[in-house]
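Reader: I have a model open and some questions about it. Shall we start from the fold and work inward?

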Amino acid sequence: IEKFWQRHAVKPGVTGLAQAKGYRGETDFAAMSGRVKLDRFYVKNWSLLLDVKIILMTIMSFMKGNEIAY
């Protein structure tokens, strides 16, 4: 996957944009490409507001229940 290494430019956290958008669990090439795309977006566009948005999205996903969440 092109530019896969860029997703390691920041330290991992409790959650991430890719996970909040549903890219988690078992994966295939298409899902991994989506994860990398969103991880690269996060690295290039980091802000406190984006972090707050990701946390809120994660909480909402947790409260709604999600069949692909582990």
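Reader: What is the mean pLDDT of the chain?
Author: This is a predicted model. Of its residues, 73% reach a pLDDT of 70 or more. Where pLDDT is low, the coordinates should not be read in detail. The mean pLDDT of the chain is 78.

Reader: In which helix is confidence highest?
Author: Confidence is lowest in α1, at a mean of 82. At a mean of 87, the highest confidence belongs to α3.

Reader: In what order do the elements run from the N terminus on?
Author: The chain has three helices and zero strands. From the N terminus on, the order is α-α-α.

Reader: What percentage of the contacts between residues at least 6 apart in sequence join residues at least 24 apart?
Author: Contact here means heavy atoms within 4.5 Å. Counting pairs at least 6 apart in sequence, the share that joins residues at least 24 apart is 67%.

Reader: How far apart are the end C-alpha atoms of α2?
Author: Helix α2 has 17 residues. At 1.5 Å a residue, α2 should span 24 Å. The model agrees, with the end C-alpha atoms 24 Å apart.

Reader: Which helices are included in what covers the buried residues of α2?
Author: The buried residues of α2 are A31, M32, G34, R35, V36, L38, D39, R40 and Y42. L38 and Y42 also sit in the largest nonpolar core. The cover over the buried residues of α2 includes α1 and α3.

Reader: Why does I59 count as partly exposed?
Author: I59 is found in helix α3. Buried means under 20% relative accessible area and exposed means over 50%, with partly exposed in between. I59 counts as partly exposed because its relative accessibility is 41%.

Reader: How far apart in space are I59 and A20, C-alpha to C-alpha?
Author: In sequence, I59 and A20 are 39 residues apart. In space, C-alpha to C-alpha, the distance is 8.8 Å.

Technical notes:
Residues numbered from 1 in each chain as written. Predicted model: local features only at pLDDT ≥ 70, side-chain atom pairs only at ≥ 80, totals over all residues. Heavy atoms only, no water. Core = buried A, V, L, I, M, F, W, Y, C linked by side-chain atoms within 4.5 Å. Buried < 20%, exposed > 50% of the residue type's maximum accessible area, 1.4 Å probe, protein only. Helix = DSSP H or I, 4+ residues; strand = E, 2+ residues; numbered from the N terminus. Expected span 1.5 Å × (residues − 1). pLDDT = per-residue confidence, 0-100.
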